[in-house]
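Here is a short briefing to read beside the model. It goes topic by topic, starting with a single residue.

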Amino acid sequence: MKVLAIMGSPRKGNTYKITQQFEKNLKKYRNVDFNYIFLKESDLKECIGCFNCIRIGKEHCPLKDDRDNIIKQMLDSNGVIFASPVYMLNVTALMKKFIDRLAYNGHRPQFFNQDAMIISTTGGMGLKQVNKYLKSVASIWGFRSNTVLGVITPPFKLKDKIIKKKDKDIAEAAKEFYKKLSNSNWSPSLSNLIQFTAFRAIADVEGMDEILTADYNFYKPLNDKKFYFDVRVNPIKYKIANILGNLIKNSLRKTIKKD
Ligand SMILES: Cc1cc2nc3c(=O)[nH]c(=O)nc-3n(C[C@H](O)[C@H](O)[C@H](O)COP(=O)(O)O)c2cc1C
């Protein structure tokens, strides 16, 4: 089993210590191959907003850096940890830069074989916002599940004594994450299905082959499918999701006609 931790802090401080403690706890269940990517040490350029990745495909991104290598390592893992301290009620700029560079995954998700783990630390505020945000990102990128660990830490580098006090929460999160990693009976939720049917419906609107070419090509072969890949789908949930998808398609058609 492989786990990759994507570290969003510019320093190896509290978030790193908490993640290392998480690693220790996770390894109690199974021999996990645990790897770290420190975004601070990665060559990851800032998105320039050309829209190429979303519109015509990720291979048309003009920036050449570590992005594809990071994605490859994520796809090669069973679990991916998104670890960030809270910076002004949000993730760090490093974490945001990483998320923006992978934004096209919101249109065409691909992390279907991965479970996400969110680890955030804060001096006192902002955990809720950051956890909610990172959960949403993981979910729209296709991650099967997400587990959250938010830790309030003092504003100086953590001493082992303090880590010990946090260990109960860390151990519980590791147990929950391990359970999800071991679940072979996953099935998409209603919101997973709505995302699928909505994006598929949008890609099917007349003219989308030119406007959102990559989405059009991605969803075209999925027209008679119930999800991105073959998996057990609840038929009632699918029906509801498909009705919503068609409503979106019709309203988009009307908007385009008006213009
Ligand atoms: C620039 C900056 C902004 C921060 N913003 C917040 C904040 O909005 N709310 C908060 O409670 N703590 C905030 N903190 C404190 C950090 O979230 C906290 O110390 C965290 O554990 C640091 O993690 P690290 O050691 O992994 O970098 C901020 C710290 C820095 C350096």
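## Briefing on the predicted model

L134 counts as buried, because 24 other C-beta atoms lie within 10 Å of its own. This is a predicted model.

**L134 and its surroundings**

- L134 sits in helix 5, which spans residues 127-140.
- Beyond residues up to four places away in sequence, L134 touches F82, V91 and I118.
- L134 and A83 are 51 residues apart in sequence, and their C-alpha atoms are 9.3 Å apart in space.

**The ligand shell**

- The ligand is surrounded by 19 residues.
- The closest are G13, T15, P85, T121 and G123.
- Two elements give two or more residues each to this shell: helix 1 (14-26) and strand 4 (115-122).
- Which element gives the largest share of the shell? Helix 1 does, with 3 residues.
- By class, the shell holds 8 nonpolar, 10 polar and 1 charged residues.

- Helix 6 covers residues 160-181 and has a kink of about 50 degrees.
- The kink is centred on K166.
- Buried residues in helix 6 are I170, A173, A174, F177, Y178 and L181.
- What do the buried residues of helix 6 pack against? Their partners are helix 1, strand 3 (79-85), strand 4 and strand 5 (146-152).
- K175 also belongs to helix 6.
- K175 counts as partly exposed, because it has 15 C-beta neighbours inside 10 Å. The cut-off for buried is 20 or more.
- K175 and A214 are 39 residues apart along the chain, with 38 Å between their C-alpha atoms.

**Helix 7 against helix 10**

- Two packed helices are described by the angle between their axes and the distance between the axes.
- Helix 7 (residues 190-203) packs with helix 10 (residues 235-258) at an angle of about 35 degrees. The two axes are 8 Å apart.
- Is the crossing of helix 7 and helix 10 left-handed or right-handed? The crossing is right-handed.
- Helix 7 brings L190, L193, I194, F196, T197, A198, R200, A201 and I202 to the contact.
- Helix 10 brings K237, Y238, I240, A241, N242, L244, G245, N246, I248, K249 and L252.
- By class, this contact has 13 nonpolar, 4 polar and 3 charged residues.

- Most residues other than glycine have a negative phi.
- M88 is not a glycine, yet has a positive phi of about 45 degrees.
- L89 is not a glycine either, and has a positive phi of about 60 degrees.
- M88 lies in the loop between strand 3 and helix 4 (93-101). L89 is placed in the loop between strand 3 and helix 4.
- Is M88 buried or exposed? M88 counts as exposed, because it has 9 C-beta neighbours inside 10 Å. Exposed means 12 or fewer.
- L89 has 13 C-beta neighbours inside 10 Å, so L89 counts as partly exposed.

**C47 in its loop**

- C47 is found in the loop between strand 2 (33-38) and helix 2 (52-55).
- C47 has 19 other C-beta atoms within 10 Å, so C47 is partly exposed. Buried would need 20 or more.
- Which residues does C47 contact, leaving aside neighbours within four places in sequence? C47 is in contact with D100 and R101.
- C47 and F112 are 65 residues apart along the chain, and their C-alpha atoms are separated by 24 Å.

Conventions. Residues are numbered from 1 along each chain as its sequence is written. This is a predicted model: local features need pLDDT of at least 70, side-chain atom pairs count only at pLDDT 80 or more; totals for chains, interfaces and linings use all residues. A residue is near a molecule or strand if its C-beta atom, placed from the backbone, lies within 6 Å of it. Helices (H or I, at least four residues) and strands (E, at least two) are DSSP runs, numbered from the N terminus. Ala, Val, Leu, Ile, Met, Phe, Trp, Tyr, Cys and Pro count as nonpolar, Asp, Glu, Lys and Arg as charged, and the others, Gly among them, as polar. Axes are lines fitted to C-alpha atoms, for helices over the stretch in contact, and angles run from 0 to 180 degrees between N-to-C directions. A crossing is left-handed if the near helix is turned anticlockwise from the far one by less than a right angle, and right-handed if clockwise. Two residues are in contact if their C-beta atoms, placed from the backbone, lie within 7 Å. The bend at a residue is the angle between axes fitted to the seven residues ending there and the seven starting there.
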